[in-house]
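Please look at the structure first.

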Amino acid sequence: MRINKFVIKNKNSWKKDFIKNKPFSNVIIKNFLEKEDAVLLRDEVLKEDYSLKFSDLFCFYQTNDLNYSNKKRIKEFLSLVNSKEVHYFLEGVTSKKIKKHADTFSSIYTKTNYLLCHDDLIEKRKIAYILYLGDNFTKKDGGALVLRDNLKGMPSKITKEIYPKFNSLVIFEVSNKSFHEVEEVISNKTRLAIGGWFY
Amino acid sequence: MISKIYLDNKIIKEIKNSYNNNSNQIALYEFFEKYFLGSLKLKLKKSKRKRGYIPNLYSYNLINNLYIKRFFNNTEFVRMLEKIIDRKIKNIGIEIKEFSWKDYTLLNDKIKKKKETCFYLFINEDSWKKEFGGNLFFKSKKNSFVLSPRENTLYLVDKQKEYLDFVQYVNCLAKGKKIILIKGSLN
């Protein structure tokens, strides 16, 4: 499993974007993995078991922590995510020291699935990451990752809407102001992603 | 106004027994006479709405209608409830919320939990389906139960202190449709 060479080469550019992007530090890195690796990873992650997660805040399908998966490509991906290479890369982009292995899950959102507004701040999460592996989404499909500004510590206006694109990685800083949500999927497309948090 | 069946003392006695034997919960179907339900709907339709939206707490329209608030404090209605819950009611605090696509409420730890007896009345179209969302969930650490929007049904619930409630997100399948939830707190 390999990161696209272009991604590593442009670390300083991602760092600049991460700092300047609003409403809180975030960056979108397109074509994160080498394409054939992303395709193999997608095909394998789809074979995992997903269960419906439902609460007041969300309704979508999720796997258990992929660190317990015994599938070849998933293991390779997790080795990559938790490798010195990726930690060094992320520390360079975010200026955050990464201390331990990332929690990693896969999620599937189908029509009517959603995740309402929250800040992700649990335990000592520092950076959230999402690698999209499903269909490409546009406004008519819904399913955007929506980032909100804050006003006196409460979520306010929508500043950014990120529509999932295959093999795009989104990273953002987790804080008590990192208000975000996943807009309801309103088409028959599948919003497949692998994501988690670095500590 | 109230269906005659619910004004019959024998039936009220049976309802009271069911309420007591079912953890102090009961659903009274076809609660209002059809003509009255129609006029209630019309009054609600004409009422002013105020948008309530704090993304990490709730999204709905708040309806303020003095007539409806007064109506739910009328003697006939209050007496009927008193007979079921077997205690005096000083007044009923009324809260009216309208939910449509993308509306919801979230559990909020900052709300002080309290034991209260409430009624919940959904005003919606017959075509409303469970899968549209808008179901009212009650959650405690150990238990949960749900009230689904059902036209002209009055739910009476003795809510224990440990319960918090939320209205499930209304999804795109409900596009163009609305539900109104009237909550009455029996003080």
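Predicted model: local features only at pLDDT ≥ 70, side-chain atom pairs only at ≥ 80, totals over all residues.

Residues are numbered from 1 along each chain as its sequence is written, chains are lettered from A and ligands numbered from 1 in the order written, and side-chain values use heavy atoms, leaving out hydrogens and water.

Visitor: Which residue has a side-chain oxygen that reaches the backbone nitrogen of B:Glu76 at the start of H4(B)?

Guide: Helices here are DSSP runs of H or I with at least four residues, and strands are runs of E with at least two, numbered from the N terminus. H4 of chain B covers residues 75–85. The oxygen comes to within 3.0 Å of that nitrogen, and its residue is B:Asn74.

Visitor: What is the area buried between chain A and chain B?

Guide: Buried area is the accessible area (1.4 Å probe) that two parts lose on being put together, summed over both. Carbon and sulfur atoms give 70% of it, and the total is about 1,400 Å².

Visitor: Which element gives the most residues to the side of chain A that touches chain B?

Guide: Contact means heavy atoms within 4.5 Å, and chain A brings 16 residues to it. The elements giving two or more residues to that side are strands E8 (154–162) and E5 (114–118) of chain A. With three residues, the one that gives the most is E5(A).

Key: Buried < 20%, exposed > 50% of the residue type's maximum accessible area, 1.4 Å probe, protein only. Polar contact = N/O pair within 3.5 Å; in protein donor to acceptor, adjacent residues only side chain to side chain.
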